[in-house]
Amino acid sequence: MATSKKAKTKVKSKSKTASKKVAKLKAKKSASKKVVANGVPKPSTKPYGQAGKALEGVRILDFSHVQAGPTCTQLLAYMGADVIKVERPGVGDITRGQLRDVKGADSLYFTMLNGNKRSITIDSKHPKGKEVLERLIKRCDVLVENFAPGTLDRMGLTWEYIHKTNPRMIVASVKGFGPGPYEDCKVYENVAQCAGGAASTTGFRDGPPLVTGAQIGDSGTGLHLAFGIVSALYQRIRTGRGQRVLCAMQDGVLNLARVKLRDQQRLAHGPLTEYSQYGEGIPFGPAVPRAGNDSGGGQPGWILKCKGWENDPDAYIYFITQAPVWGAICDLIGKPDWKTDPDYATPPARLPRLRHIFNTIEQWTMTKTKFEVMDICNAVDIPVGPILSMKEIAEEPSLRKTGTVVEVDHPTRGKYLTVGNPVKMSDSITEVKRAPLLGEHTEEILAKELGYSAAEIAEIKSSGAITAAEKGARAEAA
């Protein structure tokens, strides 16, 4: 009997070994079908636009608020990442109530920066809340925050704790300043524009510094942070570990104003000849001056009036006197003799006369609408651009068609316009979804993503870890 048992055991063990070998061979065969020799996946056979989104499978834990961080995480969400926005119970992101235009509904400030995300409410100081956060950290790939310096550490979410809990986690932060004397200072949009060099070089030279209407401090830094996150995700494929990513708003603004840093160095070697003040004989000081509507490049440009400017504040066009099309410009404005006149024929000769040249061109543009100027000039390759109002941009059909401006429906505020994904990709189609209501996905995330049972969710809910504090009590920061 013992012998037959041993024989049977040997047969079973041989059959198990054989089946394992078969399974391994099958796995190898199926892997060889999917992967080429150098380990790179074979090109997908799915039609373009149907092979999934670029960041599908990436999960972002979003602790950001206001604008810089939410800009970053919304871009990542557009690219397919699952962005879980953590908010304070009963309060949420402060911008939900800022600049509110529809009573009882989240503001456009919030909805236009938080589309394609899910919202979970958590009290991070509550024991059960801390437990939920720990599970989220274990399951997410990236944590994004733009708190004041030191806030994350005070919440107990130090880099050391996060890295120990999830070594693959990328912690991405927006701060006002990088390491240095001002690193503990809070920074807002216009402060960043001033500290990053943009304001000192914006405006007219006889006026004060100006900030720009473009949010280069907040949204500009959010764009930089998104790039840093995607780079860190790519590096993690090779190293298997996460890292910290920091974008300072001052750094982001300076990067966008880099041509002015270029000009600062050029000043050491003589005047900036493409600036209009050079042609007017006004000496330069020790720093790059404000240059009004000068183009900032090698080709002189200026904003000129168009037909209707008396009543329309946006009836203007930006006109560049590019050297290769100077002859066409002369013909258009009725000055064909300027093509051979030594005072106008060459770019150096024109520099001292730029104000007169643009005044003459303006006499012509004032007889046309900005769109007529655009059509006429583009036909002969003269670079011009109409000053488009936000009303014109909102109503422009081509921007709706490309998904640059998108109409979204919201359950409490109705339809609103938002800016779609500015990055267009041929094989990763973007879908623009509305912003979440406060805590809208809390129970869904607890159950489906973190594995809590219905009984556990009920317990967490009754404990106050995910619900608003009672009236009169202080809501703790999440």
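The model is a prediction in which local features need pLDDT of at least 70 and side-chain atom pairs count only at pLDDT 80 or more, whereas totals for chains, interfaces and linings use all residues. Residues are numbered from 1 along each chain as its sequence is written, and side-chain values use heavy atoms, with hydrogens and water left out.

**Pockets**

A pocket is an open set of points on a 1 Å grid over the protein atoms alone, where a 1.4 Å probe fits, with protein on both sides within 12 Å along at least five of seven lines; its lining residues have an atom within 4 Å of a point. The largest pocket holds about 770 Å³ of space, a volume being the space filled by probe spheres set on the points, which are joined across faces, edges and corners. Its lining comprises 32 residues, and His65, Val66, Asn146, Phe147 and Ala148 lie nearest the centre. Strand 2 (82-87) makes the greatest contribution to this lining, with three residues; strands (E, at least two residues) and helices (H or I, at least four) are DSSP runs, numbered from the N terminus. By class, the lining has 16 nonpolar, eight polar and eight charged residues. Here Ala, Val, Leu, Ile, Met, Phe, Trp, Tyr, Cys and Pro count as nonpolar, Asp, Glu, Lys and Arg as charged, and the others, Gly among them, as polar.

The second largest pocket contains about 570 Å³ of space. It is lined by 18 residues, with Gln67, Thr71, Leu113, Ser219 and Val419 closest to its centre. Helix 2 gives the most to this lining, with four residues. The lining divides into 10 nonpolar and eight polar residues, with no charged ones.

**Salt bridges**

The whole structure contains 29 salt bridges, each a side-chain nitrogen of Lys or Arg within 4 Å of a carboxyl oxygen of Asp or Glu. Three of them are listed below.

| Salt bridge | Closest N to O distance |
|---|---|
| Glu431 and Lys53 | 3.7 Å |
| Glu280 and Arg355 | 3.1 Å |

Glu431 lies in the loop between strand 11 and helix 18 (442-449) and Lys53 in the loop between helix 1 (2-34) and strand 1 (59-62), so this pair ties together parts 378 residues apart in sequence. Glu274 is buried, at 9% relative accessible area (buried means under 20%, exposed over 50%, partly exposed in between, with a 1.4 Å probe and protein chains only), while Arg266 is partly exposed at 32%. Glu280 is partly exposed, at 32%, and Arg355 is exposed, at 53%. Elsewhere, salt bridges with shared partners join Arg59, Asp82, Arg118, Arg139, Glu444 and Glu449 into one network.
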